[in-house]
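Reader: I have a model open on my screen and would like to talk it through with you. Could we start with what is enclosed inside?

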Amino acid sequence: MQQCCKAVKAGACVFTHRWVDALVSIHGSKSLACVAEQFIARTTDLHFVTKSSAREIPLGEQNIGVAAHGGFQVLGNARCWRKHHGSEPTCLGFGNESLNASPHVLKTTAALRRTLDDADDVRTCRHGTGRGAEQYNRKKNKMATGADHGLKRIVWKRIQDTIITDCRKSDVWKILILDPFTTKLLSTCCKMSDLMLEKITIVEDLYKKREPVPEMKAIYFMSPTTTCVDAFIADFKPKPKYKAAYVYFTDYCPDDLFNNMKRSCATYIRVCKEINLSFMPQEAQVFTCNNPGAFQSIYSPHSRDKTKTLETLADQLVTLCATLDEYPGIRYKKDGNMENAKAFAELVDKKLARHYELEEDSKKKEKTQAQLLIVDRGFDPVSPILHELTYQAMAYDLIDIQSDTYKYKAKDKSEKQALLNEDDLLWVKLRHKHIADVSELIRKLVKEISANKKQPDAKITISSLAEMMKKMPSFRKQVTEKTIHLQLAEDCMHHFSNNVEKLCKAEQDLALGSDVEGVKVKDSMRTLLPVLLHPYSTHDKIRAVLLYIFSVNGTTEENLNKLIQHVKIEEDQEFILNWKELGVPIITSPSFFSRKTSRRNRSQDETYNLSRWTPVIKDVMEDAVENKLDTKEWPHQSECPAAWNGSGAVSARQKQKNSAADERRTGSRLIVFVLGGISHSEMRCAYEVTQAVKSCEVIIGSSHILTPTSLLNDIKTLSKAPMETFTIEEKA
């Protein structure tokens, strides 16, 4: 045991006896504890072990002896390696050899420690019976985050049904190799501890230098790009780093890359699949394409890759539909100024049709009970600019939260950080609530915890002491979660009381065109002037000026110049002028199509005075599920089934069935895709509409998630020409 606990190579962490004991209890071998010790190195960013010494670890050779094959095995809707006989490809399968993997990614050493601490009792009885084994099986059937619904669970199941199912029959330890995209994808729904349960000893970076481990097999989960394929081939040429390769692509692999792999290293490949997972499940009902650069590519007048970017986004959206097993009808928002939504809808429609034509089923897939709505970012410029007072939107606007990580100082002045994701159930509970409700609720919870912490003066027995010890990890976790959110809520309220509170009233009046009493704002400039005269930050003033311009549907050039001078942004006027690239009128012009749209009357809704604005996308979602979208404003790119609407009603022309409403309740989906980014307030709307309309699940996605600051920075850079690149060759 002491030998196992010795420090390992530089960069690796030293495991405590508790870690080693936990791992030994799982695998029954101290050498395997050394594997964990050497390969799960502490990483503070993301999540790779780049130095391995697997050859020094006795792993056992009894199951590593599989003859090489010149083809590969595929299942389901995946293409197979071809051995051409004439023009027809043949799919070759090779016995029972398979891999045993689980799609979990190393988070950080601290995260893994918590996982092992919480699950030691479950893992020690992995092969047993009784209550412990039942707990293990229940956990294994759920996604790693603990959520029992949503996109993350669906993605997890998809990976289970492909990568893991393929490899359940082998007891051989393996290496998992990922590119940056698949690392991020797996880390949204998986943990390293689960990888180890599936005999994955190491998680490595495809692009980094790695030591060869010729006696082990490698699983490659990667994007179908030239860079990834070249890195894969380099692992087997001129000398193979691994005994065999099991290759999984996130999406369709182009024929040239496919053939290149075939020519270069077909001998080493056992399995190759395209598993249709090239989107990022951010939350239960939110996805992105992990492509913030798409904004510049789509809207910049200097863009050279707009078509390619739209093609890539369309491919990613198709994989979302495939993962959900949906073939939706497609509609788009007609815009007199921009054609992006229409062009993108056509692309998605063609690619969806092509995808389902490639199905191995002889039956052609019919349209499912789903709608896909496509809108351009310029459709609602107000929502991503307003100061929001719901917890998640407010935190991401006012606090510097990068990669969902909140950094703060504890009472002892030490630097701490917390991950704001769906593993934190308190975050899930609070994120869409108003900050006033959040502050009150957190204080109540902290008081409850403090009260529970006090033990009664009853006689302490061994059994009661044991019960207290069992509850301690759970107690510590609860206290930590509540402390984090108490600190975050206080940070938000600090910003609010300093500046935001006074700004919000003017912003709400400008956005809605009416005040708290419902009286119409007759002169928007009078509402704006107090903001300009107050010493707010330049960014806050720019946001207020933009809201004024949006409220009057564009202003005169003379008036705009005065506003720019008043805010003192003569050198940064692109923050305002470049909105025209999104089709938003900044300077009044007869050539611009009026953007004023009719809004739902929400005057009777209970709301806070400083949170009266509702994102336009919520009106669209509600109209869609009630089948009220105007066909002139929302043309059909492809028809939806006539009988479907999100409220669960059945057309009079359709034969009534007792179970029709129930079927729709479990199967109806509305998918909304916003070109150019979505705001946190728009993400919230998907949950609110789903909650209100039980018969339809609303899923929203985009190229990326934006904040007011990131959007303004993107807007500013639209007018910048791309930098020219060139290479200087040195002569010998």
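Predicted model: local features only at pLDDT ≥ 70, side-chain atom pairs only at ≥ 80, totals over all residues.

Reader: How do the residues lining the largest cavity divide into nonpolar, polar and charged?

Author: Residues are numbered from 1 along each chain as its sequence is written, and side-chain values use heavy atoms, with hydrogens and water left out. A cavity here is a set of points, on a 1 Å grid over the protein atoms alone, where a 1.4 Å probe fits but cannot get out, and lining residues have an atom within 4 Å of a point. With Ala, Val, Leu, Ile, Met, Phe, Trp, Tyr, Cys and Pro as nonpolar, Asp, Glu, Lys and Arg as charged and the others, Gly among them, as polar, the lining divides into six nonpolar, five polar and two charged residues.

Reader: Which element gives the most to that lining?

Author: The largest cavity has a volume of about 100 Å³, taken as the space filled by probe spheres set on the points, with grid points joined across faces, edges and corners. Its lining has 13 residues, and E388, A393, S679, H680 and P708 lie nearest the centre. The one that gives the most, with three residues, is α13.

Reader: In the seven-strand sheet, which strands stand at the edges?

Author: The sheet is open and mixed, in the order β6-β7-β14-β13-β9-β8-β12, where two strands pair if DSSP finds at least two bridges between them. An edge strand has a single partner, so one side of it is left without a neighbour in the sheet. Those strands are β6 (280–283) and β12 (636–638).

Reader: What angle does helix α23 make with β14?

Author: Helix α23 (residues 680–692) packs on this sheet and touches β6, β7 (286–288) and β14 (697–702), a contact being heavy atoms within 4.5 Å. Axes are lines fitted to C-alpha atoms, for helices over the stretch in contact, and angles run from 0 to 180 degrees between N-to-C directions. On that scale, the direction of α23 makes with that of β14 about 170°.

Reader: Which residue of β9 is the bridge partner of Y332?

Author: Strand β8 (residues 329–332) and strand β9 (residues 370–376) run parallel and are joined by four bridges. The partner of Y332 in β9 is I374.

Reader: Elsewhere in the chain, which residues of β1 are buried on each side?

Author: Buried means under 20% relative accessible area, with exposed over 50% and partly exposed in between (1.4 Å probe, protein chains only). In a regular strand the side chains alternate between the two faces of the sheet. For β1 (residues 174–178), five of its five residues are buried. On one side these are K174, L176 and L178, and on the other I175 and I177.

Reader: Which residue of β3 is the bridge partner of K174?

Author: β1 pairs in the parallel sense with β2 (residues 200–205) over five bridges, and L176 has V203 as its partner there. β1 also pairs in the parallel sense with β3 (residues 213–222), over five bridges. In β3, the partner of K174 is K217.

Reader: How far apart in space are P224 and D251?

Author: P224 lies in the loop between β3 and α8 (226–234), and its relative accessible area is 17%, so P224 is buried. Leaving aside neighbours within four places in sequence, its contacts include F249, D251 and Y252. P224 and D251 are 27 residues apart in sequence, and their C-alpha to C-alpha distance is 6.4 Å.

Technical notes:
Helix = DSSP H or I, 4+ residues; strand = E, 2+ residues; numbered from the N terminus. 1 Å grid on protein atoms, 1.4 Å probe; cavity = no way out; pocket = protein on both sides within 12 Å on 5 of 7 lines; lining within 4 Å.
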